[in-house]
Amino acid sequence: MSNQSAGGYYLPQPSHWPIVASIALGFLGFGASFSVNSMGLGYVLLGIGFMILFFMFAGWFTAVAHESEGGNYNKQVDASFRWGMGWFIFSEVMFFAVFFGVLFYMRTISIPDLGSLEHQQLLWPGFKADWPVAGPGIKDTFSPMAAWGIPALNTALLLTSGVTLTWAHWALLKNNRMQLIWGLALTIALGMIFLGFQVYEYSHAMSEMNLKLSMGAYGATFYMLTGFHGFHVTVGTIMLWVILFRSVAGHFNEHSHFGFEGVAWYWHFVDVVWLFLFVVVYWL
Amino acid sequence: MEAVNTHADHGHHDRGHDDHDHKPTGLKRWLMSTNHKDIGTMYLWFSFFMFIVGGIMALVIRSELFQPGLQIVKPEFFNSMTTYHGLIMVFGAIMPAFVGFANWLIPMQIGAADMAFPRMNNLSFWLLPPAAFLLIGAQFAPGGGAGVGWTLYAPLSTQAGPAMDLTIFAIHILGMSSIMGSINIITTLLNMRAPGMALMKMPMFCWTWLITAYLLVAVMPVLAGAVTMTLTDRHFGTHFFNAAGGGDPVLYQHIFWFFGHPEVYIIAIPAFGVVSQVIPAFSRKPLFGYASMVYATASIAILSFMVWAHHMYTAGMPVQAQLYFMYATVLIAVPTGVKVFNWVATMWRGSLTFETPMLFAIGFLFLFTLGGFTGLVLSITPVDVQLHDTYYVVAHFHYVMVAGALFSAFAGIYFWLPKWTGRMYDEKLGRIHFWLSLVFFNLTFFVQHFLGLAGMPRRIPDYALQFAEFNAISSVGAFGFGFSQLLFLYIVIKTITSGEKAPDRPWEGADSLEWTHLPSPAPFHSFVEPPVIK
């Protein structure tokens, strides 16, 4: 085979997907820049960019799934995917670490400093540096999000979804297709209920609690952390849908199913991020 | 396949000996490439193009500074030039150049057929052009380019014009490119080595890239987070870097430099790798202290996460923090000293010759070490308080970036050009290029130390009359340096089009797999069959 090295490592033929992705990112970059500055063309460019991006993801991953099912990937390729996914998740950990770091910095350094005697006297008289707080220059008030309502329920949902996903994985290892499909469907359902609650929580926060992105330190860290997490849950749910469809189509077997495992790793990572969120954003 | 196992039976060096490779042709070969060598070539040409763009910006700066008073450009345009000169040289020129080296060399040096993810490899490259369009397009945004400095400090960056948004999204795309490229490199190095190629047998260049790629995966997301918060502060009402909302502009600096300091080593460490291949080859001795070199490089990488606030001594921090960051920074001199010692010890009693790659490597050794010393000077808090944001800092990091990273890249290009193209460069012209670069580099930047010590601030288009002579000298040097690089372009084109045929192993001291196991030029697919490593 011309696209296989003698060692059996799969070497793909020239592919147009990378250049398609690059064009998509070009549209998205310019589209986003124009949109945030309210230039008319921005949303058009963004729309085109997202369409190309969607087309690219669908096409590229379909190609990879076919190659995988065609038996092109040997053990070494499988190991490459594992290393690759692991390091990708590490980069995601670092991304979330930034926003957690910001939260800690604000709570332990910048806000106490703004409430210090010097600042009280000279800059911000009357500012009390008690968390949760928006900031000395924001006169609007808000209510913080309580931990033991929807957030606690969401914690239970995500933890359960981790269990159902593992149950599906066991099924795959035992070659029990029905249990695999049900496990995945349950996981997706739990993920989507989580997202539904999150949407409800956001709308409640904005309409009833006056908690907005512009509500200083608390508002910004709350929405950025939970928002990026919610975005990752959304992506994870889409990935789960893909492997559900692939499972229904008879893809994967007990020896070769990295597509499944990669999604599972990602889902568990999102789960762990939520636990940190629950503790430091909602609870403490 | 017979082409790969031995070089001895290769009397002929025509390009046709790997016909079975089905090399794609035309535009498709480049746009849709899945070949590490073609992708490496694109990286290198792209970085040269950006080097010229960033270089022209540098010459605008030096033209303006040739004489005191506002001469040629408006101050805001000057600020934009300093900003994009920095961003383009760091993200567009130096980093892609070394990724180009990584693409070309890593599979050959570890005996792999290609990179682990050939398609993602192409994506990593092809993300660079949209990012470059965004950065260059930012110049034409309403209000002109963002004059905020390459560090994009808040609150200036949260108040700048629309160009800032183009810059932010350019950085996002560059970050994606770097992360994917790094994941590919790490996976290739960990999973694609030929049987018998233990980690501690890898050429030093591979080790430096393994460590660099780790740094990139760890810190590029941090930069993405920083510019994302800049974006939301600008447009979505957050107050991350605004004290009125409980935020802090200094927070931006902490996050930026948590990325920024490792970034310095992301640029320097692959340069160390290239030099660690070149010096042993022309000393005809193995690298002295290979294992200590690996550990020193890893130590530098780990330490680089713990020293970031030495960029911020004047931003306001407790004296205990200043002391900690000072001591931690000085500690980096230890592993760096190990490396410099090892390079010198490699040359000790070696059978030295001074071809162009070796000249650039020795130039690197002297000038990078000088840049390291001025770095030590700047790490001392009370000294830095005097020198912060002066031309002393500019001189310091140009010694590390230009005479360090760029000279090392030149060394590497002259060193591997015979392997890449199958042709020898013109040795005489190469040496002229080296001496011109060396002299003009020092003319440009050595005097900037004096300017900085005398108190000339950086990033300002005008200056006091007392600085006039040194600035004039520096500007003359900059133009000389810039035009010397056209000679480099000529040498490379001449090599490709009409260079003499290169032997498989033109450097008798070079002993990594690409020299010992592959013909020149290296075939389209290097190791279809993994080589046997003793």
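Mentor: Let me begin with a definition: patches are made of residues with over 30% relative accessible area and no salt bridge, where like charges are joined within 9 Å and nonpolar side chains (Val, Leu, Ile, Met, Phe, Trp, Tyr) within 5 Å. The accessible areas come from the Shrake-Rupley method with a 1.4 Å probe, and for residues only the protein chains shown count as cover. This is a predicted model, in which local features need pLDDT of at least 70 and side-chain atom pairs count only at pLDDT 80 or more, while totals for chains, interfaces and linings use all residues. Residues are numbered from 1 along each chain as its sequence is written, chains are lettered from A and ligands numbered from 1 in the order in which they are written, and side-chain values use heavy atoms, with hydrogens and water left out.

Trainee: OK, so which residues make the nonpolar surface patch?

Mentor: Phe66(B), Leu443(B), Phe446(B), Phe450(B), Leu453(B), Phe470(B), Ile473(B) and Val476(B) make a patch of about 660 Å². The largest share, 4 residues, comes from α17(B), helices being DSSP runs (H or I, at least four residues; strands are E, at least two) numbered from the N terminus.

Trainee: And where does Ile473(B) lie?

Mentor: Ile473(B) lies in helix α18 of chain B, and with a relative accessible area of 33% it is partly exposed, that is, between buried (under 20%) and exposed (over 50%), with a 1.4 Å probe and protein chains only.

Trainee: Switching topic, how many residues of chain B are in contact with chain A?

Mentor: 63 residues of chain B are in contact with 63 residues of chain A, contact meaning heavy atoms within 4.5 Å. The area buried between the two chains is about 5100 Å², with carbon and sulfur atoms giving 77% of it; buried area is the accessible area (1.4 Å probe) that two parts lose on being put together, summed over both.

Trainee: How many salt bridges cross that interface?

Mentor: The rule, a side-chain nitrogen of Lys or Arg within 4 Å of a carboxyl oxygen of Asp or Glu, finds 1 salt bridge there. Glu67(A) forms a salt bridge with Arg119(B), their closest N and O atoms being 2.8 Å apart.

Trainee: What about Glu261(A) and Arg82(A)?

Mentor: Their side chains meet in a salt bridge at 2.8 Å, N to O. Glu261(A) is in helix α8 and Arg82(A) in helix α3 of chain A, so the pair ties together parts that are 179 residues apart in sequence.
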